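This report describes selected local features of one protein model. It takes up a single side chain, then the aromatic rings, and then a pocket.

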Amino acid sequence: MTEPLSAAEMVALTKKHTFFSWSAQGEVNPIPVVKAKGVYFWDADGKRYLDMNSQLMCVNIGHGDRRVIDAIKAQAEELVYAGPGMATRVRAEIGPLLAGVTPGDLDKFFFTLGGAEANENAIKLARGYTGRQKIITRYRSYHGATAGAISLTGDPRRWANEPGMPGVVRVFDPHKYRSPLYREGDSDEDFARKCLDQIEEVIMYEGPHTIAAIFIEPVTGTNGLIVPPDGYMQGLREMCDRYGILLVCDEVMSGLGRTGAWFAVDHWNVVPDLLTMAKGLTSAYMPLGAVAMSGKISDYYQDKVYYGGLTYNAHPMSLAAAIANLNVLKEDDLVGNSERMGRVMAGLLDDLKAEHPSVGDVRSIGLFGLVELVKDRRTKEPMAPFNSSSPEMNRLGAFFKEHGLYVFIHWNTFFANPPLSITEAELREAFDVINQALEITDAAVTG
């Protein structure tokens with residue numbers, strides 16, 4: 001094929017030969033993307049979209065940054081691949097660079113090709129280190145689609161994969177808007193204590209000596225963007241220390257500046273024993289994930305074999321992208337911009353809640369935001385049923401797409417997760433469209 005494909009040809013050939021994830025194949029209708037720059041991307045017909053989800057919450061530095069592209073090209077000229085048992089220049093350089101931004105003593109890394117693989121290896125590391133099998137995770141969670149990671153996942157995506165990995169125990173989340181534990185007027189400290197007491201009761205009944213790890217997203221991602229109350233993360237850390245349980249934090253989505261800090265746990269000055277990352281590690285310019293581990297865990301495996309490995313472990317092309325990406329995050333102060341623009345976005349979200357009766361709640365931290373839509377603010381009836389959509393949510397999504405705004409919609413919520421390079425003007429451009437779109441869901445309000 002020498003002539004450029006039309007939009008219709010791109011879609012037709014893609015649908016004919018590609019099997020899409022998380023989809024009934026006959027319902028797939030992909031956007032034929034041909035280029036991207038900054039916070040925008042364009043389809044084959046020339047239509048421009050403002051990317052308010054950083055594709056899949058991963059293009060943290062924005063699209064088309066020449067510094068990362070050039071680093072990938074240079075690495076291809078130097079060394080495309082070396083086996084996982086080799087030392088390479090980029091493998092030597094990435095370690096201290098990444099250790100300079102990870103919390104506490106998390107300064108040794110096991111590299112994978114994505115977040116699910118990172119979580120799989122965190123499971124193995126935790127079980128091997130503790131000699132215990134059970135893992136406590138949360139219902140409103142997603143940790144990946146591979147066998148162990150989907151078993152840890154609490155949301156309905158796990159159902160089709162059950163029975164899964166044994167030893168998983170689930171608890172509920174510190175979800176102030178939906179939790180029956182929360183009472184109007186509760187302080188963060190009060191609510192955090194109620195949630196922690198509930199988890200500790202589960203630990204007692206399961207047997208602390210049988211539990212290898214508590215495995216959580218510090219800020220829940222697709223299952224509601226739940227920001228924990230102050231005291232919750234600190235309380236989990238103390239509880240884990242008291243019972244000899246490892247604290248594992250999945251920062252695949254929340255890490256690398258998304259929340260206005262390098263990692264979400266930094267907001268509460270908590271250092272987990274294991275921390276997983278991916279997405280923003282290369283801003284998706286190349287596939288890469290990692291498990292960061294504390295000194296006590298890496299020391300344990302000094303004279304004990306770790307039974308895990310990957311052909312593409314520490315792939316030079318991916319590490320080159322990560323090094324360049326980390327440098328861009330630093331040089332352009334994108335973590336700081338996430339915090340600054342995050343404050344602007346929080347104000348814009350509050351304005352939506354004040355103006356639109358269909359907005360039940362808004363939640364954000366840095367440039368990690370969500371709008372939860374309801375039919376009735378008093379009863380909190382969702383705008384779409386659990387694990388489903390609705391005509392109103394479908395029309396909302398169609399409006400966004402028609403008006404050139406790329407937004408991730410999940411059940412009765414939609415997200416605001418733009419690249420960390422976004423400007424205030426670009427952010428306001430996006431929210432102008434959102435403000436218009438919410439007239440669709442306002443019309444469905446019954447309360």
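## Asparagine 313 and its surroundings

A polar atom of the side chain of asparagine 313 lies 2.5 Å from the backbone oxygen of phenylalanine 111. The model under discussion is a predicted one. Asparagine 313 belongs to the loop between α9 (295-300) and α10 (316-331). Is this residue, asparagine 313, buried or exposed? Its relative accessible area is 6%, and because buried means under 20%, asparagine 313 is buried. When neighbours within four places in sequence are set aside, asparagine 313 is in contact with Pro84, Arg91, Phe110 and Phe111. Phenylalanine 111, whose backbone oxygen takes part in the polar approach described above, is likewise a buried residue, with a relative accessible area of 5%.

## Aromatic rings

A pair of aromatic rings is described by the distance of the centres and the angle of the planes. How many aromatic pairs are there in the model? The count comes to 15 aromatic pairs. Two of the pairs are set out below.

| Ring pair | Distance of centres | Angle of planes | Arrangement |
|---|---|---|---|
| Tyrosine 40 and tryptophan 42 | 6.4 Å | 50° | tilted |
| Phenylalanine 109 and phenylalanine 111 | 6.2 Å | 35° | tilted |

Planes under 30 degrees apart count as stacked and those over 60 as edge-to-face. The planes of tyrosine 40 and tryptophan 42 stand at 50°, so this pair is tilted. The planes of phenylalanine 109 and phenylalanine 111 stand at 35°, so that pair is tilted as well. Tyrosine 40 counts as buried, at 11% relative accessibility. Phenylalanine 109 also counts as buried, at 14% relative accessibility.

Ring pairs also link Phe110, Tyr129, Tyr300, Tyr301 and Tyr306 into a cluster. Of these residues, Phe110 is in contact with asparagine 313.

The element that gives the most to the lining is β11, with 5 residues.

Conventions
Residues are numbered from 1 along each chain as its sequence is written. This is a predicted model: local features need pLDDT of at least 70, side-chain atom pairs count only at pLDDT 80 or more; totals for chains, interfaces and linings use all residues. Side-chain values use heavy atoms; hydrogens and water are left out. Helices (H or I, at least four residues) and strands (E, at least two) are DSSP runs, numbered from the N terminus. Buried means under 20% relative accessible area, exposed over 50%, partly exposed in between (1.4 Å probe, protein chains only). A polar contact is a pair of N or O atoms within 3.5 Å; within protein, one must be able to donate a hydrogen and the other to accept it, and residues adjacent in sequence count only if both atoms are side-chain atoms. Contact means heavy atoms within 4.5 Å. Rings of Phe, Tyr and Trp (its six-membered ring) pair if their centres lie within 6.5 Å; planes under 30 degrees apart count as stacked, over 60 as edge-to-face and the rest as tilted.
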